Amino acid sequence: MPLISVHNLVKEFSGQRVLNGINLEVYEGDLKVVMGPSGCGKSTLLRCLNRLIEPTSGTIHFRGQDITGADVDIRALRQSIGFVFQQFALYRHLSVLDNVTLALLKLRGMSKAEAEEKALHELNRLGIATHRDKYPSQISGGQKQRVALARALAMDPVVIFFDEPTSALDPVMSREVADLINQMRAENVTMLCVTHDLRLARQISDRVVFLDEGVVKAEDTIDHLCNAHSDSKINDFFSSGVRGQ
Amino acid sequence: MSDWSIFRDDLIEQMPLILGGLGKTLELTAIISLTGFLLGIVVFYLSLSPSRFVRSIIRGYISFFIGMPLIVLLFLIYYGMPQWGISLSPFTVAVLGFTFNVAAYNAAYLTTAHNGLDPVEAEAARAQGFNRLQIFKLITLPQVLRLSIPALTNQVICNLKDSSVAFLIQYTEFFARMQEVAATNFQFFKAYFFSALVYLALVSLIVLASRALERRYILPT
């Protein structure tokens, strides 16, 4: 049984269809990479999966349970999904350590000592514990993304979503994020990553899902998609990446 | 300069009353600064409500109390309400009138600061599973308050200065007492110059406190 199973998902914003019948499955231990041009609905898709955005129709099964209904405990659902944002979204008034402990203290009800132990464990795992007392403004973009990932991991999520994790980073820092994702993959963390960064996609996965105009256009290896695909949209998107390599 | 010695003697003679007035000025300023601050936070929270109805009520509240001259509001409650059978003490009227007015201003300052925040942090908190009140308490408010320290302390200065208006509804604060000093010896310039110096000294204290507060809570850049 897939961990996440999306069936015929539709999202309309004031009459405009951003998602036009998405079908997608994520299995435990998967690293699913969803690619597509800007505005294809990638971010909307991620936000529908944890109900930050309410889907218009279709079903989303999370561990076998339909989570599109009105009686679903949305906050419990969100707590089991780690979310890493493009712009890092660290809480700027809190230190690195406090960014990670906040949810443990307030949502999990841990004691301060327990929460700090757990947070330091995750920060150590990502090699950033030495910066524990710094504020987000005092660390680099790559370090911020490590903290954001540590904040997500600390809640022991079932799956981690990455929303364009490298688009605010230079190539060196992007490489850092790719290494992190590969590290998580080696530790068997289930991940769903949306990106338009073909370099990142190549570094973390050989297969991608291609999303365009609100539907899944293709699910294939990057090499196949890059080699003169019959679909002109796919061709346009991936050929730029061939030159880039 | 015998004038000055007469004035000084009157000042010393009436000093207990003047100090009492000063105490009432400080009491009123402290109370309305606190109540106006707390109500301002509540009004600001409600202004972020998902309900369009609540938001429009709050917009109306802010426009009404910012648009209404304070003196009119105080007279309305102090002299107008007794005709409906509601008589309140000068102190109560001053606290009520000022609180509604100051809260409206403070809520507007907090809203301005909130407009400058990056909404992605609140979204991240939502994605983590926090509820609306938790996001407000843990993420939004701490950031908004830091950004608003200059505006909020400025409002405290306004509160101190405006508290002198309360003498018009029989609240015998510092300025009312100084008018009495002036009336006993007709040394108007000296009495009001002395008043000005006292207000300036108090405002300086608030400014110093505000700077200390800013240094304490400023975020590293």
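This report describes selected features of a predicted model, beginning with chain B and ending with the backbone of chain A.

## Basis of the model

Because the model is predicted, local features need pLDDT of at least 70 and side-chain atom pairs count only at pLDDT 80 or more, whereas totals for chains, interfaces and linings use all residues. Side-chain values use heavy atoms, with hydrogens and water left out, residues are numbered from 1 along each chain as its sequence is written, and chains are lettered from A and ligands numbered from 1 in the order in which they are written.

## Chain B and its helix H7

Chain B comes to nine helices and zero strands, where helices (H or I, at least four residues) and strands (E, at least two) are DSSP runs numbered from the N terminus. The C-alpha trace of chain B spans about 75 × 50 × 25 Å along its principal axes. Of the 221 residues in this chain, 42% are buried; buried means under 20% relative accessible area, exposed over 50%, and partly exposed in between, with a 1.4 Å probe and protein chains only.

Helix H7 of chain B, residues 132-162, spans only 36 Å between its end C-alpha atoms, while a straight helix of 31 residues would span 45 Å, the expected span being 1.5 Å times one less than the number of residues. A kink of about 60 degrees lies in H7(B) at B:Ser148, shortly before the proline B:Pro150; the bend at a residue is the angle between axes fitted to the seven residues ending there and the seven starting there.

## Aromatic pairs and charges over rings

Over all chains the structure holds 19 aromatic pairs, for which rings of Phe, Tyr and Trp (its six-membered ring) must have centres within 6.5 Å, planes under 30 degrees apart counting as stacked, over 60 as edge-to-face and the rest as tilted. One of them joins B:Phe64 and B:Phe65 edge-to-face, at 4.9 Å centre to centre and 85 degrees between the planes. B:Phe64 is partly exposed at 44% relative accessibility, and B:Phe65 is buried at 12%. The rings of B:Tyr78 and B:Tyr79 are also edge-to-face, because their centres are 4.8 Å apart and their planes stand at 80 degrees; B:Tyr78 is buried at 18%, and B:Tyr79 is partly exposed at 39%. Ring pairs also link B:Phe167, B:Phe175, B:Phe186, B:Phe188 and B:Tyr192 into a cluster.

In chain A, the charged end of A:Lys11 sits over the ring of A:Phe13, 4.8 Å from its centre, and A:Arg151 lies over the face of A:Tyr91 at 4.5 Å from the ring centre. A charge sits over a ring if NZ of Lys or CZ of Arg is within 6 Å of the ring centre and within 35 degrees of the ring normal.

## Positive phi in chain A

Most residues other than glycine have a negative phi. A:Ser14, however, has a positive phi near 35 degrees; A:Ser14 is found in the loop between strand S1 (4-13) and strand S2 (16-26) of chain A, and is exposed with a relative accessible area of 81%. A:Asp156 likewise has a positive phi, of about 50 degrees, although it is not a glycine. A:Asp156 is placed in the loop between helix H5 (141-153) and strand S7 (159-163) of chain A, and is exposed at 52%.
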